[in-house]
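The entries follow the order in which I looked things up.

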Amino acid sequence: MSIQHKFMSIIAGFILVITVLCLVLVASLRQQEIREELDQQIAQQSREVLTALQLTDSQLTARVQSSIKLLLHRIKQQGAVSSGSNT
């Protein structure tokens, strides 16, 4: 093996190592960007789900309160509760 061939092999090895290190760095940075995007999407979806659940809760609460008022109104209309006829 000539000196020139050994020198070219060493240069090619350094270029290969530098290329691999750059690829690892780029991959790591991209992974971090993806994680940040996912965290933002998760936070946004969590807020949307929470809003939907709060809306559902308020609607169901209103329906239950309305049903209770209707039940109390019907109880007042029918009068006192009795256990049936006394015959």
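The notes below go from the whole chain to single residues.

**Ground rules.** I am working with a predicted model, in which local features need pLDDT of at least 70 and side-chain atom pairs count only at pLDDT 80 or more, whereas totals for chains, interfaces and linings use all residues. Residues are numbered from 1 along each chain as its sequence is written, and side-chain values use heavy atoms, with hydrogens and water left out.

**Entry 1, overall form.** I looked up the secondary structure and found 1 helix and 0 strands in the chain, where helices (H or I, at least four residues) and strands (E, at least two) are DSSP runs numbered from the N terminus. The radius of gyration is 37 Å, well over the 12 Å that the globule rule gives for 87 residues, so the chain is more spread out than a compact globule; the radius is taken over C-alpha atoms, and the rule is 2.2 Å times the number of residues to the power 0.38. Along the principal axes, the C-alpha atoms fill a box of roughly 125 × 25 × 5 Å.

Does the length of H1 agree with or depart from what its 76 residues should span? At 1.5 Å a residue I expect 112 Å, and the end C-alpha atoms are 111 Å apart, which agrees; the expected span is 1.5 Å times one less than the number of residues. Helix H1 covers residues 3-78, and glycine 79, which follows H1, has a positive phi near 90°.

I took two pairs of residues and compared sequence separation with C-alpha to C-alpha distance. Serine 9, which is in H1, is 32 residues from glutamine 41 in sequence and 47 Å from glutamine 41 in space. Glycine 13, also found in H1, is 35 residues from glutamate 48 in sequence and 52 Å from glutamate 48 in space.

Buried residues make up 0% of the 87 residues in the chain. Serine 9 counts as partly exposed because its relative accessible area is 37%, and glycine 13 is partly exposed at 28%. The chain exposes about 8,400 Å², of which carbon and sulfur atoms supply 64%; areas come from the Shrake-Rupley method with a 1.4 Å probe, and for residues only the protein chains shown count as cover.

Val64, Ile68, Leu71, Leu72 and Ile75 form a nonpolar surface patch with about 460 Å² of accessible area together. Patches are made of residues with over 30% relative accessible area and no salt bridge, like charges being joined within 9 Å and nonpolar side chains (Val, Leu, Ile, Met, Phe, Trp, Tyr) within 5 Å. Valine 64 lies in H1 and is partly exposed, at 48%.

How many salt bridges does a search of the whole structure find? The search finds 2, a salt bridge being a side-chain nitrogen of Lys or Arg within 4 Å of a carboxyl oxygen of Asp or Glu. Arginine 30 pairs with glutamate 33, the closest N and O atoms being 3.1 Å apart; both lie in H1, 3 residues apart, about one turn of the helix. Arginine 30 also meets glutamate 37 in a salt bridge (3.8 Å, N to O).

Technical notes: Buried < 20%, exposed > 50% of the residue type's maximum accessible area, 1.4 Å probe, protein only.
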